[in-house]
Amino acid sequence: MENSQNFINENYLNYIKSVSPRTNESKTLFRAFLVGGLICCIGQGFRYLFEYALGLSGNELAAFVSAVMIFLGAFLTGLGVYDRIGKFAGGGSIVPITGFANSVVSPAIEFKTEGYIYGLAAKMFVIAGPIIVFGVASSVLVGLVYYGIYNIF
Amino acid sequence: MEIVLMLLKVFAVGGVICAFAQLLINYTKLTAGKILVYFLLAGAVLQAVGLYQYVVDFAGAGATVPISGFGYLLSKGAMEGAKKGLFEALTGGITAAGMGITAAIVFGYLFALFSKSRSKKN
């Protein structure tokens with residue numbers, strides 16, 4: 001009984017495989033590469049701009065560039081443009097810091113109807129919350145380990 | 001010429017990081033949120049063992065704009081703080097990443113406030 005059940009399941013899975021549209025792997029990879037690379041180049045453009053126009057450098061430069069990229073990501077999400085880019089680019093739009101901004105604004109807009117505090121402000125952190133939690137936790141861990149290393153040796 | 005070469009490096013490294021994320025999406029069905037967390041942690045760990053700095057020196061924004069660059073910044077801040085003292089070791093990470101987090105919260109709230117939901121149209 002169980003064997004025949006497995007056999008049917010296997011047949012069914014094979015059938016699904018043959019019928020469902022195959023996502024073109026190389027095409028999605030190429031698109032992610034293209035859009036991700038372009039977004040990083042825009043970031044590099046702002047790096048040059050701030051470096052030469054405002055004379056920033058080091059951590060300050062990196063911080064202002066990421067702030068501008070987050071501004072752009074949030075702005076384009078608000079206009080509904082970023083989701084269209086996302087449909088084309090997949091991972092190419094998720095991984096850059098603009099995608100982080102998108103993950104903040106997108107659920108916030110969606111849950112706006114539940115109010116400005118428990119809807120908008122709370123839902124901003126549905127995806128960004130875990131990122132901040134793991135980011136801060138890992139930085140504390142790294143800080144403690146390095147503090148230990150510096151003070152023991 | 002130097003700028004063109006740099007932009008090529010930025011494009012290549014940033015593109016490869018994003019293509020790797022796409023590879024994970026294609027083969028593992030990870031959601032966007034999990035991919036962001038894993039890439040952030042990867043950047044933090046690579047910086048903690050001293051490797052990510054080389055990628056940043058080589059490719060600039062190609063390494064700092066992806067979310068792994070955010071993890072890099074958190075680790076870098078903590079490592080620099082640890083040289084000064086315990087307080088800086090604990091706060092260094094979030095201090096370095098403070099601008100990004102502040103921008104995400106302030107711009108995120110503002111743009112969400114002034115945007116209308118579009119999900120019903122599609």
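I take helices as DSSP runs of H or I with at least four residues, numbered from the N terminus. By that rule I looked at what follows α3(A), and I found A:G80 just after the helix with a positive phi of about 85°. I note that the model is a predicted one.

Entry on α3(A). I checked the length of this helix, which covers residues 58–79 of chain A and has 22 residues. I then listed its buried residues, among them A:A62, A:M69, A:I70, A:G73, A:A74 and A:T77. I asked what covers the buried residues of α3(A). The cover includes α2 (25–54), α4 (81–89) and α6 (97–110) of chain A, together with α4, α5 and α7 of chain B.

Entry on A:A101. Leaving aside residues up to four places away in sequence, I found that A:A101 touches A:I70, A:G73, A:A74 and A:T77, and also B:A104, B:F107 and B:G108.

Entry on the core. The largest nonpolar core holds 75 residues, and I recorded A:A101, A:I70 and B:A104 among those that touch the most other members. The largest share of this core comes from α1(B), with nine residues.

Entry on the contact between the chains. I counted 69 residues from chain B and 66 residues from chain A. On the side of chain B that touches chain A, α1(B) gives the most, with 17 residues. I divided the residues of that side of chain B into 48 nonpolar, 19 polar and two charged.

How values were computed: Residues numbered from 1 in each chain as written. Chains lettered and ligands numbered in written order. Predicted model: local features only at pLDDT ≥ 70, side-chain atom pairs only at ≥ 80, totals over all residues. Contact = placed C-beta atoms within 7 Å. Helix = DSSP H or I, 4+ residues; strand = E, 2+ residues; numbered from the N terminus. Nonpolar A, V, L, I, M, F, W, Y, C, P; charged D, E, K, R; others polar. Core = buried A, V, L, I, M, F, W, Y, C linked by C-beta atoms within 7 Å. Buried ≥ 20, exposed ≤ 12 C-beta atoms within 10 Å, placed from the backbone. Expected span 1.5 Å × (residues − 1).
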